[in-house]
Amino acid sequence: MSDDLVIEAKGLTRRYGRGPTLAVDHIDLAIKKGEIFGLLGPNGAGKTTTILMVLGLTESTEGTVSVLGHDPLREPLQVKRRVGYLPDSVGFYDNLSARENLIFTARLAGIDKAEAGKRIEESMARVRLTDVLDNRVATYSRGMRQRLGLAEILMKRAEIAILDEPTSGLDPHATFEFLEMIRGLKADGVAVLVSSHALEQVQSVCDRVALFNKGKIALQGTVEELGEQVLGLRHDLLVEADGQDIAARLGKIEGVSAVEPPGSGRGLLVRADRDVTAEVVAAATRDGGRLRQIRAIEPSLQAIYNRYFEGVKDAA
Amino acid sequence: MRREGSPFTGTGAVFAKEYADHLGSARMRVIEALVVIVGVVVVWVAMRDLKDKVTQDQFIFLRLFTYAPESNPVNFAGLLTFLIPLVAIGLGFDAINGEFNRRTMSRVLSQPIYRDALLIGKFLAGLATLATGLIALWLLVMGGGLIVLGVPPSGEEVARGLAFLVIATAYGGVWLAIAMLCSIIFRSAATSALTALGIWLFFSFLWPVIAPAIFDGILPLIAPQRVLAGSATADDVAGLLDVQQLIMRFSPTVVFQEAWLGVFSPDQFTEQQIMRIRLDPRLGHRVIPGSPLSFGQSLLMVWPQFTFMVAGAIVIFTLGYVSFQRQEVRA
Ligand SMILES: Nc1ncnc2c1ncn2[C@@H]1O[C@H](COP(=O)(O)OP(=O)(O)OP(=O)(O)O)[C@@H](O)[C@H]1O
Ligand SMILES: [Mg+2]
């Protein structure tokens, strides 16, 4: 196993019951140190099951997984000491305060008392819960609980953070804040494995993603790589320019397949299958034309996701 | 497959949290109320009925535990036979499923501890809570007795009382293990509580009725020919009584009753106990007919009951342990 891989799964499989369907079907994963890796896919695709196998909370039927060089089933304590987990809709002891909850976790994690006290203050400050540190968790909103879960991971100084749908049920502002905190983890050098349905958010924080479908990883890579695989190699541009017959002029450039109004906003969407930026600039500024704006359109994960699953449905 | 690290890492943390939770919980308030009510009633009855017998009775303090007024034939120890299981079930029925329902289980188990620590810590915390209640009650009754009866208990009486405390805690352990097993098997706390109470009802009230019927049913199969012909020797009878007793002893309630009778009534035996004492080579030749058993002899007599309860608690706990190890933690 190479040094900068923190999680490596090979042929990981999980079967429930005796049926022929596999909840997780021979997946390979390789997550590098300090990267944010997204698990995507519809409900029941096998994301949570994969996470549980990585944590050793459920046994795999087949295949191997290695976390920081350890087998989570054989050496669970080694793994759990260095991995932080924020489960889907996390729960705390409502009758205790946030501080008491974290003290309990710290004791389980074997952090000594004085050190734990210090770390709790620090991590709660980072998730901006200092004011309510001594309030009972029963009084916490969903967003606050989610942040408390993150504080627990920070307190543990985990090298890997595994977050299962951390932003589901959060309002847009809370989501934004939470994503910022995930980026903060990355800045600390923590590898983050995050599962989510919120494609835009995943796209905005993840370095690489894996697209799950019926227990298999259908696609894996950076968003650009996925875009290439699903949508084909594209060099779409958004152009805003003044001048006569701009659309017609741009349409004549070799490699441009279509010029159309964009879904929203002003300007023109230039669809091209090679890099036509220079030609577009030249064409737009010819004959007194004025180019106001030109920018490359990155493939949206939403578009990739929709296209991919349309394709799957057509094939079925 | 050898596991790294100690299975007990974290047990202390779990124990401390659970014990503090129990002591601060509404359940503890209920237990406290029970302790006070039961204690006061026992002392009051003693004041009414036992006070005059102080000079006549060598074991007057033990009578506090075993005396039952004629109007209401339930003594203190008998009352505890019913109360302890109820309290133990109350402490254990949501031990594990509660963690799932609060969705704290996967967070706790993703910490560097084994599941053993959670289970053992919770069991010990429940047992400690139960013992706390029992000790409080015991002190209340002994103290109240001291005031009301006006004489201090003898050393032997205190020793017998302490032995009873230990035995009662072991009995509580059996029911706590049963309650925790239910909390592992059933995800719904209500189902778990109901099942545990059902088991308690069965063993407390139905088993004493069913067991003799079972014995009668198997008697023709196990009895020697001469017994059926009507000429049984003392050994035959003792042997058959042992079988009947063995069937009865599937119920922890029955075992506990035998044990506290043994501890508290050094001078009152049933026919069968007398026969067993005579036949037991460890006891027989040392028992002087008509005089009470010594403390050591009483302990020897109830030792099997005590070990049976401890072993029972361990077996049931292990069943729970095995099924908990195999559970998937998705919450
Ligand atoms: N205990 C179980 N017994 C049988 N099947 C199960 C069990 N747990 C999960 N499954 C099945 O495994 C598959 C994968 O479930 P998993 O929870 O991993 O999906 P997911 O990708 O996390 O979905 P979601 O987005 O809804 O959280 C599902 O089809 C589910 O029905
Ligand atoms: Mg899931």
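Val83 of chain A stands opposite Ile160(A) in strand S6(A), in a predicted model where local features need pLDDT of at least 70, side-chain atom pairs count only at pLDDT 80 or more, and totals for chains, interfaces and linings use all residues. Strand S5(A) and strand S6 (residues 160-164) of chain A pair in the parallel sense over four bridges; two strands are said to pair if DSSP finds at least two bridges between them, and strands (E, at least two residues) and helices (H or I, at least four) are DSSP runs, numbered from the N terminus. Residues are numbered from 1 along each chain as its sequence is written, chains are lettered from A and ligands numbered from 1 in the order in which they are written, and side-chain values use heavy atoms, with hydrogens and water left out.

**The six-stranded sheet of chain A**
- The open sheet of six strands has the order S5-S6-S7-S3-S8-S9 (chain A), and its pairing is mixed.
- At its edges stand strand S5 (83-86) and S9 of chain A, each of which pairs on one side only.
- From one strand to the next the twist averages 15 degrees, where axes are lines fitted to C-alpha atoms, for helices over the stretch in contact, and angles run from 0 to 180 degrees between N-to-C directions.
- Helix H1(A) packs on this sheet and touches strand S3 (36-40), S5, S6, strand S7 (191-196) and S8 of chain A, its direction making about 150 degrees with that of S6(A); contact means heavy atoms within 4.5 Å.
- Helix H8 (residues 223-231) of chain A also packs on the sheet, where it touches S8 and S9 of chain A, and its direction makes about 115 degrees with that of S9(A).

**The three-stranded sheet of chain A**
- An open sheet of three strands, with antiparallel pairing, has the order S2-S1-S4 (chain A).
- Strand S2 (22-32) and strand S4 (62-67) of chain A are the edge strands, each with a single partner strand, so one side of each is left without a neighbour in the sheet.
- Strand S1 (residues 5-15) of chain A runs antiparallel to S2(A) and is joined to S2(A) by seven bridges, and the bridge partner of Leu12(A) in S2(A) is Ile27(A).
- Helix H1 (residues 47-55) of chain A lies across S1, S2 and S4 of chain A, and runs at about 60 degrees to S2(A).

**Loop residues with positive phi**
- Most residues other than glycine have a negative phi.
- Leu68(A), in the loop between S4 and helix H2 (76-82) of chain A, has a positive phi near 50 degrees, and with a relative accessible area of 17% Leu68(A) is buried (buried means under 20% relative accessible area, exposed over 50%, partly exposed in between, with a 1.4 Å probe and protein chains only).
- Lys214(A), in the loop between strand S8 (208-213) and strand S9 (216-221) of chain A, also has a positive phi near 50 degrees, but Lys214(A) is exposed, with a relative accessible area of 64%.

**A buried serine in chain B**
- Ser265(B) is found in the loop between helix H12 (252-264) and helix H13 (271-279) of chain B, and counts as buried at 3% relative accessibility.
- Leaving aside its neighbours within four places in sequence, Ser265(B) is in contact with Thr66(B) and Trp260(B).

**Chain A as a whole**
- Chain A has eleven helices and 13 strands, and buried residues make up 51% of its 316 residues.
- Among its contacts between residues at least 6 apart in sequence, 68% join residues at least 24 apart.
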